[in-house]
Amino acid sequence: MPSDRTIANPPEVSGATRRSFFTAGIYAIWGIIAASLGAPASAYLFLPPKARKDESWIDVGDITYLTPNQPVEMAFRRNRVDGWKVVSEKLTAWVVKSPKGGVSAFGPQCTHLGCAHHWDEAKAQFVCPCHNSLFSIDGQVAFGPAPRPLDRYEIKLDGSRLLLGDLRKPEGNAV
Amino acid sequence: MKPRFEAVVAWLEHRTGIHTALRKALYEEIPGSSGWRQVFGSVAAFLFLVQAFTGILLAFNYAPTPGDAYNSLRYIVTEVTGGRLIRGLHHWGASMIIVVVVLHMIQVFLYGAYKKPREATWILGVALFLLTLAYGLTGYLLPWDNRAYWGTVVVTQIAGQAPMLGPYLTRLLGGVGGIGVVTFARFYGMHVLLLPPATIALIAGHVYLVRKHGVTPIPADENLPSKHFHPGQTFKDTVAIFIAFAILFTMAVAVRVPLEQLADPSDTTYIPRPEWYFLFLFQTLKLFSGPLEVLGAVVLPGLAVLALILIPFIDRSRMVKVTRRVTAFAFVALAAIGWTGLTATAIVTTPHPDQAAQIDYSGPTEWLQLSPAELAGVASFRQERCADCHGTGPDGARLGPDLTRTSIRRDAAWMIEHFKHPAALRPGSSMPPIEVSGPQLNSLAAFLLRLNPTNASALQNAPDFASKGAVVYQAAHCDMCHKINGAGMLAGPPLNGLSKRRSRGWVEMHFADPQKLVPGSVMPAYKLPPQDLENLTSYLFSLPEK
């Protein structure tokens with residue numbers, strides 16, 4: 001089969017130099033093209049879009065009449081930037097007034113896998129129904145697989161009105 | 001390492017035969033005369049891949065409905081990293097692929113490469129050409145701006161004129177009762193679901209036939225030794241692809257693809273024009289009127305396509321040297337002249353859209369929300385070159401404080417005093433006093449009080465006509481009677497959305513003599529210098545509807 005032989009041993013074009021120049025050129029050019037398409041494509045897919053500012057402080061209500069050490073779930077609406085849209089979404093926070101008058105607002109999700117936890121009066125703990133994580137009234141993990149204390153909202157007080165900012169992890173990073 | 005790699009290749013070869021297949025493809029024998037003229041097919045195939053790649057990326061951030069398309073595309077070009085570049089590549093790639101496909105066809109036509117036994121290759125090629133046009137037609141709608149909307153209105157109307165098929169085509173394109181969600185879904189479906197697989201299938205068939213019949217030899221080829229496709233021809237193809245890619249990339253970076261206003265079906269002032277490669281058809285259409293219109297819209301283009309398909313059957317002569325194919329050259333020259341003439345006429349006769357000032361919505365448009373006083377402040381900010389010392393944003397100059405970030409805890413009165421005598425209020429300040437008129441100082445203070453990192457884009461993006469127009473507006477105290485963006489009085493009509501209510505000519509005449517056009521109007525006449533009048537009117541026409 002003569003054709004198979006030509007396939008197995010491609011003949012020289014005109015010297016090995018010319019051949020290797022062509023081959024090197026082909027690889028180089030395709031390398032450049034792949035890089036100049038790949039780099040912007042990766043940036044496009046993996047870098048965060050230019051941030052538009054979310055609404056910063058939300059007034060969630062008056063906290064004058066909160067009973068100390070009695071967590072209350074407070075609901076509020078916030079505008080969130082979602083791609084090309086701004087969506088108004090309902091959020092909740094577990095607000096706790098300490099006997100000394102300080103206020104904390106915990107995020108409503110368990111730090112383990114994101115289930116919604118709730119305040120259990122009898123146990124006096126936040127209970128996650130999914131994997132039985134328990135959190136004390138100051139948000140610390142008391143039991144279970146939760147890896148870190150409850151997330152907290154940034155807090156500002158305007159007289160007796162409670163204003164909430166971003167939800168942050170205990171280390172201070174935004175969630 | 002090397003033996004292991006070879007072992008993998010051998011394993012793969014044994015299971016799939018891919019190595020042999022690849023070598024067979026690469027070392028195919030081609031005629032000795034082959035060379036640079038045969039690169040266009042490869043370039044077209046490459047550009048198709050670029051379109052597919054960038055198209056998929058765009059689809060990752062794009063919502064194909066009339067409600068969201070425009071906003072999601074704006075999001076891509078203004079907020080997503082690299083989005084403007086990806087869109088630029090897709091937009092200019094679409095034009096470029098048409099150019100390359102046509103060059104490919106011209107080359108094949110001039111050399112008579114469509115002749116027996118390559119008729120089927122040619123016909124598949126014509127089909128691919130039509131597919132390329134179909135991409136352009138369906139993709140044109142997807143930005144859902146005015147240009148897209150009105151261009152598509154015309155296209156669906158033309159389709160509706162097709163003899164007998166008209167009503168069915170209209171139904172198929174979802175154009176019954178106007179362009180809306182249905183048309184949009186169909187165009188998008190065609191553009192991303194129907195056309196790409198069809199293209200891939202046709203390219204596969206086309207390439208298979210090219211391989212089956214071999215690259216077309218020219219009459220003197222018997223005397224030359226045949227060559228191998230690789231690496232000589234692959235290198236030429238690669239270089240040509242690189243040149244095309246470099247041009248495309250440069251255009252995508254350097255030439256901004258405009259995004260017009262959101263599609264507005266009630267806009268009676270918009271002058272629709274198709275993409276440049278369809279302009280000749282558009283112009284042809286104008287040569288026919290009344291009952292003959294169907295001739296220019298459907299029959300003539302249909303016959304042209306038919307003629308294109310039948311070329312191999314019309315010209316059945318033997319292969320001759322390309323230099324002796326005078327008729328073919330004459331034909332191409334004639335077509336080129338005709339095409340150029342029609343396209344040029346279409347461009348020249350396009351009225352300048354002076355109704356609404358042209359605004360590029362693919363940039364941030366926060367400036368549209370500023371009050372006239374604040375916008376006039378932008379003009380002063382530029383005129384006094386404040387940015388030379390007071391940078392805004394991360395790469396701005398840092399001689400003076402960044403005015404967007406220092407929270408200005410001052411009122412307008414303090415600022416105006418500070419503008420006049422910087423060192424008096426801030427001892428040691430090296431800022432020179434600002435020497436503009438009183439009202440302009442007010443404007444500048446008003447603008448700086450509003451300035452924050454979000455709307456600082458107005459400093460770069462507000463067009464000159466708008467900021468200068470706003471200066472004229474302030475100087476003439478228009479705000480004593482009129483309201484723009486919530487600022488001003490209501491003795492006269494509010495001016496937002498003026499372009500929807502009045503023509504530009506009317507407004508300019510109205511400045512000169514209000515009572516002539518609106519009897520009983522209390523507005524005084526304004527004799528403005530031409531440049532001021534131009535800027536003011538353009539500015540007023542750019543105002544969004546509230």
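Select the buried residues of H2(A): they pack against helix H3 (40-59), helix H5 (83-111) and helix H10 (229-254) of chain B. Helices here are DSSP runs (H or I, at least four residues) and strands are too (E, at least two), numbered from the N terminus. This is a predicted model, where local features need pLDDT of at least 70 and side-chain atom pairs count only at pLDDT 80 or more, while totals for chains, interfaces and linings use all residues. Residues are numbered from 1 along each chain as its sequence is written, and chains are lettered from A and ligands numbered from 1 in the order in which they are written.

Which residues of H2(A) are buried? Pick Phe22(A), Leu37(A), Pro40(A) and Tyr44(A). Buried means 20 or more other C-beta atoms within 10 Å of a residue's own, exposed means 12 or fewer, and partly exposed is in between, with C-beta atoms placed from the backbone.

Now show the whole contact: 24 residues from chain A and 28 residues from chain B. Two residues are in contact if their C-beta atoms, placed from the backbone, lie within 7 Å. On the chain A side, helix H1 (2-8) and helix H2 (16-46) each supply at least two residues, and H2(A) gives the largest share, 14 residues.

Last stop: Gly492(B), in the loop between strand S4 (487-488) and helix H20 (498-501) of chain B. Gly492(B) is partly exposed, with 17 other C-beta atoms within 10 Å. Leaving out residues up to four places away in sequence, Gly492(B) touches Cys481(B), His482(B) and Met523(B).
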